[in-house]
Amino acid sequence: RDEFDRKSIDKIGEEITGESPAITGVSVSEPAEGHLILLSGPTEAACDQITRQVFDYLQKNPGINFPDAAYSLNQRQAFKYKRMAVCADLNDAIHLLSFLDSSLPPDSRRVRSFYEQAEDRPIIFMFPGQGAQYVGMGLDLYRTELRFREEMDRCFEILDPFMKFDLKEILYPEIPVDSVINQTEIAQPLLFIFEYALAKLLVRWGIKPQSMIGHSIGEYTAACLSGFFSLEDALRLVVLRSKYMQEMPAGSMLSVSLSEEVLTPLLNEDISLAAVNSSSLCTVSGAIEKIETFAAHLDRLGYEYKPLHTSHAFHSGMMDPVLENFEKEVRKITMHKPGIPYISNVTGKF
């Protein structure tokens, strides 16, 4: 018989029906649409055993306060063999945890079992650039996670005097309308705010990065989180950067599924290599009509590509006119030594 803390088995019902531990140092959430159940044991058999115990108890106690029970279970000591389930409610939890005694396979999307290796696995935060934004981004988090909502609202408040748009209304409209979220002077501040608030929430949950990397506007998020400059200064720079870029002629960008070596010979003076994202993925940038012509050329060659949700040709010569004014604004910012290392988009080094 596997060695296992008998309290984990014999007292499971007592624990999940007792008073939940006091919440300290974490954000308070409103009722969510889903609940996370975390189970574990020192061996695989022990993890299966406690899963059956929880399943049996939930089945026999239909009147239990399920959110409180899920929270209490999640405060238990964590062992190396782990299982997690994302459940909508009590009945859903019973259904998901029944797979051990059922011929049906587990729902791989919502039930995961794994062994945690005893090793140091550094965490890296990665922040995308413009093109990743969409209406309703993070809406469930905004509704249910107090810490996330506080950080988002704090940024909205700081930016209010500098913006002619209601960013919150654009991101979370009460009535769906044709959105302007892809306009540069809107997309960039919203992406920064979302990335910053999400990172703060993860850190509050205990998920802290050893290092960070961000593409384009994402690098500003990394720099701010590192302490390189303050949130107020970062937001001011982001707004100025986006406004300067918005004033430039319209452009377009493509994500192309080719290596730099294969793509470069296909380029001309009208198309810029904007980014090398991986060994088989690059981004090109240019005027709208030039990009359309280049896309047709890629079609003829049989190469795959994807248009990005951008309004301008970022990381190309079309952005050069903004550099002088933006540099003057950057020199006004007080900068500090980063507390968390992050990788430069220019040098590729920390």
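Colleague: Which residue stands opposite I343 in β10?
Modeller: I213 stands opposite I343 of strand β10. Strands here are DSSP runs of E with at least two residues, while helices are runs of H or I with at least four residues, and both are numbered from the N terminus.

Colleague: How many bridges join β5 to β10?
Modeller: Two bridges join β5 to β10, and these strands run parallel. Two strands count as paired if DSSP finds at least two bridges between them.

Colleague: What is the order of the strands in that open sheet?
Modeller: The open sheet has three strands in the order β4-β5-β10, with parallel pairing. Its edge strands are β4 and β10, each of which pairs on one side only.

Colleague: Before we go on, what kind of model is this?
Modeller: This is a predicted model, in which local features need pLDDT of at least 70 and side-chain atom pairs count only at pLDDT 80 or more, whereas totals for chains, interfaces and linings use all residues. Residues are numbered from 1 along each chain as its sequence is written, and side-chain values use heavy atoms, leaving out hydrogens and water.

Colleague: What comes just after α10?
Modeller: Just after α10, G227 takes a positive phi of about 90°.

Colleague: Now β8: why is it largely enclosed?
Modeller: Five of the six residues of β8 (residues 281-286) are buried, so this strand is largely enclosed by the rest of the structure.

Colleague: Which way does β6 run relative to β8?
Modeller: Strands β6 (residues 252-256) and β8 run antiparallel and are joined by five bridges. In this pair, S252 stands opposite G286.

Colleague: And what about β7?
Modeller: Strand β7 (residues 272-278) also pairs with β8 in the antiparallel sense, over five bridges. L273 stands opposite V284, and a hairpin of two residues joins β7 to β8.

Colleague: Last one: is G63 buried or exposed?
Modeller: G63 is exposed, with a relative accessible area of 78%. This residue is found in the loop between α3 (44-60) and α4 (66-74).

Methods
Buried < 20%, exposed > 50% of the residue type's maximum accessible area, 1.4 Å probe, protein only.
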